[in-house]
Amino acid sequence: MSERTASRTAVLVCQGRAAASGRAAQGRFADPMAEQLLRAEERIPVDQVRAGTPPRGWKERTVYESVRACAEVVVPRTLGIDEALRAHVGNQLVILGAGLDTRAWRMPELARTDVWEVDHPASQQDKQARLPARSAALARSVRFTPVDFAVDSLGTALAAAGHDPSAPTTWLWEGVVPYLTRDEVRATAAAVATRTAPGSTLVVNYQAPSATAAAGRLLTRVLGSSITSGEPWRSLWRPRQLAALLAEHGLQVVSDDNLLDLAHTHGIPTQGRTSLRSGHVAVAELLR
């Protein structure tokens, strides 16, 4: 794990946001920063999806369809998470597995918030190399905090980066849980709980079991036809299972919405109903 390269899933998610920016949810979804984080060759399928012009070659078409499908997933997911952050964010926001997240650069609601972006060292180096030289964050501060969730101590890394565990924190855990083993998820939840003060909130995106989604990901791995085929899912959680895990650490789930319901809420047309139904955004608050 410590020798791995930067996440390809993070690039695909960024491509999906760039492809959907300004075109989905009746003008309520916009992420102009996403395209700025992409390299020239990564923008090609984004432009194709935005134009609705699929390429002819099967490899190029596979990338096109991956970006198109990702755009459909990330819009309701992003809108649901952004709503939760606006309702709960305070002076501290920790983004676990930040990837190519753009919230610190596009959300004015974070003007009084210190943001810690936690991710694998390789992914963080890649993101910092992609950031435009003059990209001023809207957040009060952005602190890149390298952590390999498989071997490093989250608490130690955050302490070194200046996070205050005695003050309320909003935690965002998006697009990470499926790629961790169940033990790694439990360990991360425990680490979060030890640095969580009263008034804190956890916003977590996770994937529930889906036979259709599992078959599709298995096929892409066998064929090697997906840019993310080397990054398999390692744990899936039913809502009651995740709620029980968080409750063990004093966190009570107060809302849990699947992405299909979020899409309907925001008036977003959908095609991949199964994939949307198995994706979830949950909000949990500290009980004590």
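I started at one residue pair: Ile95 has Leu172 in S4 as its bridge partner. Strands here, like helices, are DSSP runs numbered from the N terminus (E, at least two residues, for strands; H or I, at least four, for helices). Before going on I noted that the model is predicted, that local features need pLDDT of at least 70 and side-chain atom pairs pLDDT 80 or more, while totals for chains, interfaces and linings use all residues. Residues are numbered from 1 along each chain as its sequence is written, and side-chain values use heavy atoms, without hydrogens and water.

**Entry: neighbours of S4**

I looked up strand S1 (residues 92-96) next. S1 runs parallel to S4, and four bridges join them. Two strands count as paired if DSSP finds at least two bridges between them. S4 also pairs with strand S5 (residues 201-207), again in the parallel sense, over four bridges. In S5, Leu202 is the bridge partner of Trp171. I then followed the chain from S4 through helix H8 (residues 182-194) to S5, a right-handed β-α-β crossover. Right-handed means that, with the strands pointing away from the viewer, the path from the first strand over the helix to the second runs clockwise. Leu172 stands opposite Val203 in S5.

**Entry: faces of S4**

Are the residues of S4 (residues 170-173) buried or exposed? I found Thr170 and Leu172 buried on one side, and Trp171 and Trp173 buried on the other. Buried means under 20% relative accessible area, exposed over 50%, and partly exposed in between (1.4 Å probe, protein chains only). In a regular strand, side chains alternate between the two faces of the sheet.

**Entry: the whole sheet**

I wrote down the strand order as S3-S2-S1-S4-S5-S7-S6. This is an open sheet of seven strands with mixed pairing. Strand S3 (141-146) and strand S6 (251-258) are at the edges with a single partner strand each, so one side of each has no neighbour in the sheet.

**Entry: a cavity**

How many cavities of 30 Å³ or more are there? I got one. A cavity is a set of points on a 1 Å grid over the protein atoms alone where a 1.4 Å probe fits but cannot get out; lining residues have an atom within 4 Å of a point. The lining of the largest cavity includes Ala6, Gly99 and Asp126. Helix H1 (8-20) and helix H6 (121-130) each give two or more residues to this lining.

Key
1 Å grid on protein atoms, 1.4 Å probe; cavity = no way out; pocket = protein on both sides within 12 Å on 5 of 7 lines; lining within 4 Å. Points joined across faces, edges and corners; volume = space filled by probe spheres on them.
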